[in-house]
Amino acid sequence: MRTYLVTGGAGFIGSNYIHYMFEKYGDDIRIINVDALTYAGNLENLKAVENRPNYTFVKADITDKDAIGKIFAENDIDRVVHFAAESHVDRSIRNPEVFVKTNVIGTAVMLNCAKAAWELPDGGFKEDKKFLHVSTDEVYGSLPDDENAFFYETSPYDPHSPYSASKAGSDMLVKSYMDTYKFPANITNCSNNYGPFQFPEKLIPLIINNALQGKKLPVYGDGKNVRDWLYVRDHAKAIDMVQEKGKLFETYNVGGHNEKQNIEIIEIILETLQEMLPDNDPRKAHVSKELITYVEDRKGHDRRYAIAPDKIRADLGWEPETMFKDGIKLTIQWYFENEDWMKRVTSGDYQKYYEEMYQ
Ligand code: NAD
Ligand code: TYD
């Protein structure tokens with residue numbers, strides 16, 4: 001049985017990945033989820049799996065080398081899937097240091113602990129051990145408003161925000177371990193994700209939540225910045241495919257081929273909410289374009305991100321499977337069905353769950 005060490009599994013993508021993996025492999029794998037439970041970590045995301053005998057949660061900070069070393073010492077880890085990070089650009093502009101600490105130092109600790117556990121006396125590594133570093137397309141910087149311009153695995157790194165700079169630093173560390181030690185790793189650089197369990201500081205859940213409450217919908221700048229949106233489950237599948245079928249030491253870009261301006265995203269959400277809300281729902285009256293409010297632009301706001309996922313398609317046969325029109329309905333339906341989740345997240349109550357569950 002393969003044992004996975006997943007970092008940041010209580011966050012948005014990590015929790016979706018854990019659900020995907022248990023649905024795919026059932027009792028054939030074991031997952032240890034290590035998460036510090038920052039504001040972005042929510043164990044409620046994992047309620048459906050918390051009683052599985054092949055799932056374990058460990059509350060620890062990835063910058064704590066003793067805690068991480070202990071997990072490797074006590075378990076024969078076969079796969080590391082490293083999601084844990086500070087992930088929100090706006091927060092990185094206000095408070096860059098914690099991004100450097102978690103994203104750079106934390107990744108160094110993860111690499112060092114995995115290397116120490118997997119290294120053989122001759123300098124090689126135990127067989128079939130693999131580390132996957134989950135990164136972002138934001139490390140490549142910003143593309144011009146030209147629909148033929150894409151990020152490729154060979155694009156130069158040119159990060160602009162403290163978030164993307166810290167992720168670029170973490171990618172470079174992973175690359176250095178592969179080059180220096182032949183450390184068995186892969187890197188994935190993915191575009192913007194959306195779907196269930198996303199913290200409502202990010203554009204899509206923020207707009208859904210605000211619109212349903214009749215609150216203003218803040219649009220940064222002219223609203224024409226472009227992001228390439230991928231349904232989170234498609235990302236989870238890509239990560240598993242890269243780890244199991246990808247060539248070691250390679251980087252794979254993962255993207256939705258689904259570029260949209262922010263203002264288009266907001267309009268699609270408003271139209272879809274109108275379509276999905278029943279006629280007798282009082283919220284239907286205030287879900288409207290009148291809520292759209294242009295606000296001051298984000299500092300250093302990257303104009304356009306777009307990935308051509310040619311390599312992962314050609315080498316591994318991965319394709320984005322969920323069309324945006326379907327993915328956004330699935331996402332809105334999930335937020336409809338999980339209003340309590342949203343209430344607890346926005347009130348801060350979700351952070352009590354760990355104490356109630358685990359103490
Ligand atoms: P998230 O903010 O929702 O979750 C991050 C998780 O990491 C949380 O559970 C948090 O508690 C945990 N964490 C933070 N600091 C920690 C620390 N020091 N020790 C242990 N755990 C810690 O983030 P996400 O959106 O799920 O992103 C996951 C990964 O995917 C990140 O590495 C991010 O850079 C990358 N990524 C995200 C996107 C996106 O659109 N969200 C796109 C591409 C790549
Ligand atoms: P975000 O979800 O923060 O992801 P990222 O910055 O990592 O791409 O933002 C997506 C886009 O939406 C980005 O161009 C900034 C913009 N945005 C707004 O216009 N208003 C908002 O309230 C937020 C959170 C983001």
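Trainee: Why is the pair of side chains of His-301 and Asp-297 called a polar contact?
Mentor: The two side chains come to 2.6 Å of each other. A polar contact is a pair of N or O atoms within 3.5 Å; within protein, one must be able to donate a hydrogen and the other to accept it, and residues adjacent in sequence count only if both atoms are side-chain atoms. The value of 2.6 Å for His-301 and Asp-297 is within that limit, so the pair qualifies.

Trainee: What should I keep in mind about these values?
Mentor: This is a predicted model: local features need pLDDT of at least 70, side-chain atom pairs count only at pLDDT 80 or more, and totals for chains, interfaces and linings use all residues. Residues are numbered from 1 along each chain as its sequence is written, chains are lettered from A and ligands numbered from 1 in the order in which they are written, and side-chain values use heavy atoms, with hydrogens and water left out.

Trainee: Is His-301 buried or exposed, and how do you know?
Mentor: The relative accessible area of His-301 is 15%. Buried means under 20%, exposed over 50%, and partly exposed in between, with a 1.4 Å probe and protein chains only. His-301 is under 20%, so it counts as buried. The residue sits in the loop between strand S13 (292-295) and helix H9 (310-316); helices (H or I, at least four residues) and strands (E, at least two) are DSSP runs, numbered from the N terminus.

Trainee: Which residues does His-301 contact, apart from neighbours within four places in sequence?
Mentor: They are Tyr-220, Asn-225, Arg-227 and Asn-262. Contact means heavy atoms within 4.5 Å.

Trainee: What makes a residue part of the surroundings of ligand 2?
Mentor: One of its heavy atoms must lie within 4 Å of the ligand. For ligand 2 there are 17 such residues, and the closest are Glu-138, Pro-218, Arg-227, Arg-298 and His-301. By class, seven are nonpolar, five polar and five charged; Ala, Val, Leu, Ile, Met, Phe, Trp, Tyr, Cys and Pro count as nonpolar, Asp, Glu, Lys and Arg as charged, and the others, Gly among them, as polar.

Trainee: Which side chains have a polar atom by an oxygen of ligand 2, and at what distance?
Mentor: Asn-192 does, at 2.9 Å, Arg-227 at 2.7 Å, and His-301 at 2.7 Å. Taken alone, ligand 2 exposes 510 Å², and the protein buries 97% of that; these areas come from the Shrake-Rupley method with a 1.4 Å probe, and for residues only the protein chains shown count as cover. Helix H6 (203-213) and strand S8 (217-220) each give two or more residues to the shell, and S8 has the largest share, three residues.

Trainee: Why is H6 called mostly covered?
Mentor: Nine of its eleven residues are buried, among them Ile-204, Leu-206 and Ala-211. The buried residues of H6 pack against strand S7 (193-194), S8, helix H8 (262-276), helix H10 (324-337) and helix H11 (339-347). Just after H6, Gly-214 takes a positive phi of about 70 degrees.

Trainee: How does ligand 1 sit in the protein?
Mentor: It has 28 residues around it, and the closest are Ile-13, Asp-35, Ser-87, Tyr-163 and Lys-167. An oxygen atom of ligand 1 is 2.7 Å from a side-chain N or O atom of Ser-87, and an oxygen atom is 2.6 Å from one of Lys-167. The protein buries 97% of the 830 Å² that ligand 1 exposes when taken alone.

Trainee: Why is Asn-54 called buried?
Mentor: Its relative accessibility is 6%, under the limit for buried, so the word applies. Asn-54 is in the loop between strand S2 (29-35) and strand S3 (55-59). Its side chain makes a polar contact of 3.0 Å with the side chain of Arg-52.

Trainee: How do you know that strand S1 (residues 2-7) pairs with S2?
Mentor: Two strands pair if DSSP finds at least two bridges between them. S1 and S2, which run parallel, have six, so they pair. One example is Tyr-4, whose bridge partner in S2 is Ile-31.

Trainee: What about Lys-245, buried or exposed?
Mentor: At 54% relative accessibility, Lys-245 is over the limit for exposed, so it counts as exposed. It lies in helix H7 (residues 232-245).
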